[in-house]
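Here is a short briefing on the cavities and the ligand site of one protein model. Have the sequence and structure open as you read.

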Amino acid sequence: MTTSIEISESVRHYYGQVLQSSDDLKTSACCSIDAMPSYLKVLLAGLHPEVLERFYGCGSPLPPALEGKTVLDLGCGTGRDCYLLSKLVGPTGRVIGVDMTPEQLEVAVRHRDWHAERFGFANVEFLHGHIENLHTVGIADNSIDVVVSNCVINLSPEKPRVLAEIFRVLKPGGELYFSDVFADRRIPVELRQDPVLLGECLGGALYWEDFRRILQDLGCPDVRKVKQNAISIDDPEVFAKIGMVKFDSVTVRAFRMPLEDRCEDFGQVAVYLGTIDLNPHSFDLDDHHHFETGRPLRVCGNTADMLAGSRYGDHFQVLGDKSRHFGLFDCSPRPGSESAKADSACC
Ligand SMILES: C[S@@+](CC[C@H](N)C(=O)[O-])C[C@H]1O[C@@H](n2cnc3c(N)ncnc32)[C@H](O)[C@@H]1O
């Protein structure tokens with residue numbers, strides 16, 4: 001199994017034939033336990049049981065402030081996140097799910113009317129295709145407000161192509177928000193091609209530094225970790241093969257906008273207005289920017305741009321501009337946070 005086509009086939013077989021429900025997974029890499037905000041848990045209770053049974057994600061990559069937006073879910077599977085998003089974007093928004101495995105999509109499509117009837121509106125469509133080439137399913141340049149994905153990019157044999165497609169289809173100021181499995185090193189090639197390790201979202205896990213470099217090459221030099229949870233490998237056979245690698249489920253946020261490769265200090269300050277629906281008290285941009293409603297926080301130039309230049313701009317007051325520079329900004333993660341342990345970089 002060496003070509004991209006063979007790897008894709010192996011993944012399709014795993015999700016179409018081998019797995020019938022989340023119980024069939026050998027590890028918790030897909031389906032790792034990640035605390036979901038309570039407002040999402042309430043929505044989850046209203047989804048069809050079969051959609052929930054065949055959920056294989058590794059987080060809950062659903063950012064706030066989605067009403068009326070167009071959201072694209074890459075590798076949507078049986079549609080759990082698409083149906084949650086359907087409620088979050090509401091009747092004026094639109095949700096598009098893309099997946100390459102017919103058996104997964106069949107379940108998602110079969111329950112579309114059921115959800116539309118319950119919600120009182122229909123705003124979800126499912127497309128059969130490869131996330132490496134979103135042209136083939138008709139996703140136009142600059143057409144998407146938010147791209148989400150839940151435990152899928154690791155499965156792609158062509159990650160730079162997937163990420164390039166994301167930045168092609170996002171509107172300027174649009175957001176990429178996804179959860180995926182990351183490894184603390186590059187995985188040896190023979191393990192990357194092992195069908196079980198691959199299917200379990202371990203063999204193809206992203207190595208953060210390589211992921212960061214791909215985004216940098218695509219014009220996104222500042223990408224933020226929002227959450228990070230360790231994944232334990234409890235299956236003895238799987239551990240015997242790949243137990244030397246440390247895996248984490250990471251939720252990542254990036255924006256399509258010009259940013260600097262380091263955090264620079266222009267004396268700017270941001271205040272969260274508390275106006276995002278269901279988030280009256282605070283907003284977390286990442287694992288080291290917690291904005292309490294009404295409390296001014298000093299921010300670097302990149303953070304100021306992320307807040308002011310995205311859909312979050314309506315919910316923040318960003319004071320100051322870039323006319324005066326004060327040197328490098330100390331944007332280091334809060335002491336003790338996962339990022340503080342893992343990163344020496346600025347943001
Ligand atoms: C781990 S499952 C996650 C499914 C879904 N996001 C969820 O949370 O339940 C991975 C899904 O990604 C799909 N997938 C993997 N590689 C893909 C690719 N290159 N193009 C399209 N879909 C892909 C698989 O068919 C499968 O449905």
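The lining of the second largest cavity holds 6 nonpolar, 3 polar and 1 charged residues. In this count Ala, Val, Leu, Ile, Met, Phe, Trp, Tyr, Cys and Pro are nonpolar, Asp, Glu, Lys and Arg are charged, and the others, Gly among them, are polar. This is a predicted model: local features need pLDDT of at least 70, side-chain atom pairs count only at pLDDT 80 or more, and totals for chains, interfaces and linings use all residues. Residues are numbered from 1 along each chain as its sequence is written, and side-chain values use heavy atoms, without hydrogens and water.

**Second largest cavity**

- Its volume is about 40 Å³, where a volume is the space filled by probe spheres set on grid points joined across faces, edges and corners.
- A cavity is a set of points, on a 1 Å grid over the protein atoms alone, where a 1.4 Å probe fits but cannot get out; lining residues have an atom within 4 Å of a point.
- The lining includes Tyr83, Arg112, His115 and Phe121.
- α6 (112–119) and α4 each supply at least two lining residues.
- α6 gives the most, with 4 residues.
- Helices (H or I, at least four residues) and strands (E, at least two) are DSSP runs, numbered from the N terminus.

**Largest cavity**

- The whole structure has 2 cavities of 30 Å³ or more.
- The largest cavity has a volume of about 430 Å³.
- It is lined by 33 residues, and Gly75, Gly77, Asp99, Val152 and Leu155 lie nearest its centre.
- α1 (4–18), α4 (80–89) and β2 (94–99) are the elements that give two or more residues to this lining.
- The largest share, 4 residues, comes from α1.
- By class, the lining of the largest cavity has 15 nonpolar, 12 polar and 6 charged residues.

**Ligand**

- The ligand sits in the largest cavity, meaning that more than half of its atoms lie within 2 Å of the grid points.
- There are 22 residues around the ligand, and Tyr56, Gly75, Asp99, Thr101 and Glu132 come nearest; a residue counts if one of its heavy atoms lies within 4 Å.
- This shell has 12 nonpolar, 8 polar and 2 charged residues.
- An oxygen atom of the ligand lies 3.2 Å from a backbone N or O atom of Gly57.
- A polar backbone atom of Met100 is 3.2 Å from a nitrogen atom of the ligand.
- An N or O atom in the side chain of Gln104 is 3.1 Å from an oxygen atom of the ligand.
- Taken alone, the ligand exposes 590 Å², and the protein buries 99% of that (Shrake-Rupley method, 1.4 Å probe).

Methods
A polar contact is a pair of N or O atoms within 3.5 Å; within protein, one must be able to donate a hydrogen and the other to accept it, and residues adjacent in sequence count only if both atoms are side-chain atoms. On a 1 Å grid over the protein atoms alone, a cavity is a set of points where a 1.4 Å probe fits but cannot get out, and a pocket is an open set with protein on both sides within 12 Å along at least five of seven lines; lining residues have an atom within 4 Å of a point.
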